[in-house]
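Here is a quick tour for anyone opening this structure for the first time. Take a look at the sequence and the model, then read on.

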Amino acid sequence: MTQADIAMIGLAVMGQNLVMNMADHGFTVAVYNRTTAVVDSFVAGPAKGMRIIPTHSLEELVATLKRPRRVMMLVKAGQPVDAFIERLIPILEPGDIIIDGGNSNYEDTMRRTSAVEARGLLYIGAGVSGGEEGARHGPSIMPGGSPAAWPAVKPILQAIAAKAPEGDPNGVPCCDWVGENGAGHFVKMVHNGIEYGDMQIIAEAYHLLKEGLGLSNDEMSAIFARWNQGFLESYLIEITADILRYRDERGQAVVDLILDSAGQKGTGKWTVSAALEQSTPLTLVGEAVFARFLSALVDERAAAAASLPGPAASFDGDRAALLADLEQAVYAAKVASYAQGYMLMRSAAAAYGWRLNLGGIALMWRGGCIIRSAFLGKIKEAFDADPALDNLLLAPYFRDVLITADAGWRRVVAAAVQLGIPAPALSSALAFYDGYRRRRLPANLTQAQRDYFGAHTYERIDQPRGQFFHTNWTGHGGDVTARAYQA
């Protein structure tokens with residue numbers, strides 16, 4: 001009987017495409033879906049003639065597998081993942097591997113890794129990015145979990161992953177081991193948060209071009225297409241140009257017919273929540289998430305538009321200069337956003353004991369995923385040159401980018417404010433940059449206020465760090481202090 005190299009549970013579009021990708025690369029795949037009719041239609045339809053073994057029970061699925069058994073799931077995050085794990089554990093053997101390729105929360109993956117390892121099995125939580133097209137032809141894959149499982153799954157995952165340079169079958173796989181327990185899903189979560197930020201930056205540029213400069217969709221499409229030939233080259237810039245030029249069968253621009261309410265699946269919120277937990281200033285992704293919340297207030301915004309006047313959104317200055325400034329501002333904001341994302345990953349790695357290869361993560365994002373761009377190669381180079389780099393903003397290449405963009409970035413944010421066009425991502429990125437490069441911030445006053453009303457104490461610049469002081473500001477507050485300096 002033919003034995004399968006790997007099994008797949010879950011045959012929605014992503015699962016089907018990933019299975020066919022594996023079969024294309026010479027692997028035999030056993031498949032199972034809770035609705036077994038889906039298995040039969042898949043094998044008789046899109047996967048006809050491929051090296052795929054249909055099964056109608058988990059027991060049958062497991063029986064087809066070579067040892068160590070490798071069982072991958074692409075099912076809805078949350079309880080369905082736990083349910084399948086509980087069903088699989090009794091029918092697997094020590095050393096077998098369960099792989100969750102869905103968008104699971106990293107904390108769930110940490111819990112599951114411990115629970116599965118306690119039963120003698122191995123567990124991988126793998127972030128998979130690239131959508132349906134990526135799954136079929138080469139996604140970015142970010143695996144983490146039980147380190148002992150990696151050698152057994154590495155040949156399969158690296159074979160099906162995208163390659164960098166993109167399109168080169170002999171290129172470097174956009175897949176490598178990320179770290180222990182929840183590290184893979186954490187990095188995928190940060191990827192998704194950065195994706196939110198990239199999309200918001202582009203949306204703000206579009207808004208300024210459309211409302212501020214009054215450009216047509218075709219004119220804007222040409223601008224994004226030109227940007228995609230330079231330092232802003234990326235998948236999201238490329239598809240923005242395509243979207244703006246697209247017309248339906250009646251000749252209408254589809255983008256203009258779409259309701260201005262942006263949906264989300266939750267990974268952006270998870271990223272912001274993780275940043276709060278890690279005390280990391282992930283300001284741009286936070287603003288991107290909040291911008292989607294604001295966009296959902298469609299009826300409220302319609303009412304507010306009728307009663308809250310603002311400046312006329314029409315730019316009367318040097319249009320060519322603003323366009324040049326905007327290109328620089330988009331790039332600078334993107335740099336700031338990635339710097340924040342890397343700050344979050346570094347902080348989480350220290351908190352959870354992960355040994356993250358930060359340069360390697362950039363390489364994993366070079367192809368197959370939604371945020372793929374030429375820019376990521378510069379991140380890889382920065383960490384190759386200095387593996388202990390504290391912040392991307394301090395790498396020579398990115399420092400020069402920000403210095404070059406500085407004046408134009410400020411002019412763009414100022415123009416947006418004067419025109420009444422919201423630009424929370426562009427402006428928060430600039431505020432973060434200004435805050436990061438300031439030797440002294442007004443937090444001394446904030447800490448004095450905390451000490452005044454709550455006796456939270458403070459450190460002094462004329463005394464060693466770690467010594468705390470309290471002032472009896474009113475003369476009758478006493479000398480008792482709060483115990484929690486970070487309250």
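## Two residues with positive phi

Asn181 sits in the loop between strand E10 (179-180) and helix H8 (183-212). Its phi is near 35 degrees, a positive value in a residue other than glycine. Helices here are DSSP runs of H or I with at least four residues, strands are runs of E with at least two, and both are numbered from the N terminus.

Thr457, in the segment after helix H20 (443-454), also has a positive phi without being glycine, near 70 degrees. Thr457 has 7% relative accessibility, so it counts as buried (buried is under 20% relative accessible area, exposed over 50%, partly exposed in between, with a 1.4 Å probe and protein chains only).

## About the model

This is a predicted model: local features need pLDDT of at least 70 and side-chain atom pairs count only at pLDDT 80 or more, while totals for chains, interfaces and linings use all residues. Residues are numbered from 1 along each chain as its sequence is written, and side-chain values use heavy atoms, leaving out hydrogens and water.

## Two cis prolines

The peptide bond from Arg67 to Pro68 is cis, with omega near -10 degrees. You'll find Pro68 in the loop between helix H3 (58-63) and strand E4 (70-73).

Another cis bond runs from Ala164 to Pro165, with omega near 0 degrees. Pro165 belongs to the loop between strand E8 (163-164) and strand E9 (172-173).

## Where H15 meets H17

How do the axes of H15 and H17 cross? Helix H15 (residues 319-352) and helix H17 (residues 375-385) have axes that come within 12 Å and cross at roughly 50 degrees. That makes H15 oblique to H17 (under 35 degrees is roughly parallel, over 145 roughly antiparallel, 65 to 115 roughly perpendicular, and the rest oblique). Axes are lines fitted to C-alpha atoms, for helices over the stretch in contact, with angles from 0 to 180 degrees between N-to-C directions.

On the H15 side, the residues are Tyr331, Lys334, Val335, Tyr338, Tyr342 and Arg346, and they meet Phe375, Leu376, Ile379 and Phe383 of H17 (contact means heavy atoms within 4.5 Å). The residues of this contact divide into 8 nonpolar, no polar and 2 charged.

## The nonpolar cores

The largest nonpolar core has 89 residues, and those touching the most other members include Tyr342 and Ile379. A core is a set of buried Ala, Val, Leu, Ile, Met, Phe, Trp, Tyr and Cys residues joined through side-chain atoms within 4.5 Å. H15 supplies the largest share of this core, 18 residues.

Conventions: Ala, Val, Leu, Ile, Met, Phe, Trp, Tyr, Cys and Pro count as nonpolar, Asp, Glu, Lys and Arg as charged, and the others, Gly among them, as polar.
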